[in-house]
Amino acid sequence: METQTNQPARAGSGAAALEQIPRIYMTNREIQVVKLLVRGQSNAAIAVELGIQIQTVKNLLSGLYAKLGVSTRLQLVLLALRTGFIAS
């Protein structure tokens, strides 16, 4: 059984051009999903990679959209890249 811990999602500190966002706590699984989204993975590929069901991926994405105030996977990826949360 995997234990999920909360980790803060933080904007990068080095680059002045990075957009600042409020500190939002994300589980390790949510962070994994965002990283795979940035790599261009589909829901099915993410499910296989993480050993979870596709519906679980969809549920995680819905939760991320709500937490981060976005409505599409593209907006989520762009936010992750713009804030420096995920390196490009």
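Contact here means heavy atoms within 4.5 Å.

1. Basis. This is a predicted model: local features need pLDDT of at least 70, side-chain atom pairs count only at pLDDT 80 or more, and totals for chains, interfaces and linings use all residues. Residues are numbered from 1 along each chain as its sequence is written, and side-chain values use heavy atoms, with hydrogens and water left out.

2. Overall layout. The chain has four helices and two strands, in the order β-β-α-α-α-α from the N terminus. Helices (H or I, at least four residues) and strands (E, at least two) are DSSP runs, numbered from the N terminus. Of the contacts between residues at least 6 apart in sequence, 46% join residues at least 24 apart.

3. Surface and burial. The accessible surface of the chain is about 5400 Å², and carbon and sulfur atoms account for 53% of it; areas come from the Shrake-Rupley method with a 1.4 Å probe, and for residues only the protein chains shown count as cover. Of the 88 residues in the chain, 34% are buried. Buried means under 20% relative accessible area, exposed over 50%, and partly exposed in between (1.4 Å probe, protein chains only).

4. Nonpolar core. A nonpolar core is a set of buried Ala, Val, Leu, Ile, Met, Phe, Trp, Tyr and Cys residues joined through side-chain atoms within 4.5 Å. The largest one has 23 residues, and Val33 and Leu76 have the most contacts inside it. At least two residues of this core come from each of β2 (24-27), α1, α2 (43-50), α3 (54-68) and α4 (73-83). The largest share, six residues, is supplied by α3. Valine 33 touches Ile46, Leu50, Leu60, Leu61 and Leu64, not counting residues up to four places away in sequence.

5. Helix α1. This helix spans residues 28-38, and its buried residues are Arg29, Glu30, Ile31, Val33, Val34, Leu36 and Leu37. After α1 comes glycine 40, with a positive phi near 85 degrees.

6. Glutamate 30. This residue lies in α1 and is buried, with a relative accessible area of 7%. Leaving aside neighbours within four places in sequence, glutamate 30 is in contact with Tyr25, Leu60, Leu64 and Lys67.

7. α1 against α3. These helices pack at an angle of about 90 degrees, with their axes 10 Å apart. Axes are lines fitted to C-alpha atoms, for helices over the stretch in contact, and angles run from 0 to 180 degrees between N-to-C directions. The two are therefore roughly perpendicular (under 35 degrees is roughly parallel, over 145 roughly antiparallel, 65 to 115 roughly perpendicular, the rest oblique). Arg29, Glu30, Val33, Val34 and Leu37 of α1 meet Leu60, Leu61, Leu64 and Lys67 of α3. By class, this contact has six nonpolar, no polar and three charged residues. Ala, Val, Leu, Ile, Met, Phe, Trp, Tyr, Cys and Pro count as nonpolar, Asp, Glu, Lys and Arg as charged, and the others, Gly among them, as polar.

8. α2 against α3. Here the angle is about 110 degrees and the axes are 8 Å apart, so α2 and α3 are roughly perpendicular. Asn43, Ala44, Ile46 and Ala47 of α2 make the contact with Ile54, Val57, Lys58 and Leu61 of α3. Six nonpolar, one polar and one charged residues take part.

9. Asparagine 43. Found in α2, asparagine 43 counts as buried at 17% relative accessibility. Asparagine 43 touches Ile54, Val57, Lys58, Leu61 and Arg73, not counting residues up to four places away in sequence. The C-alpha atoms of asparagine 43 and glutamine 55, 12 residues apart along the chain, are separated by 8.7 Å.
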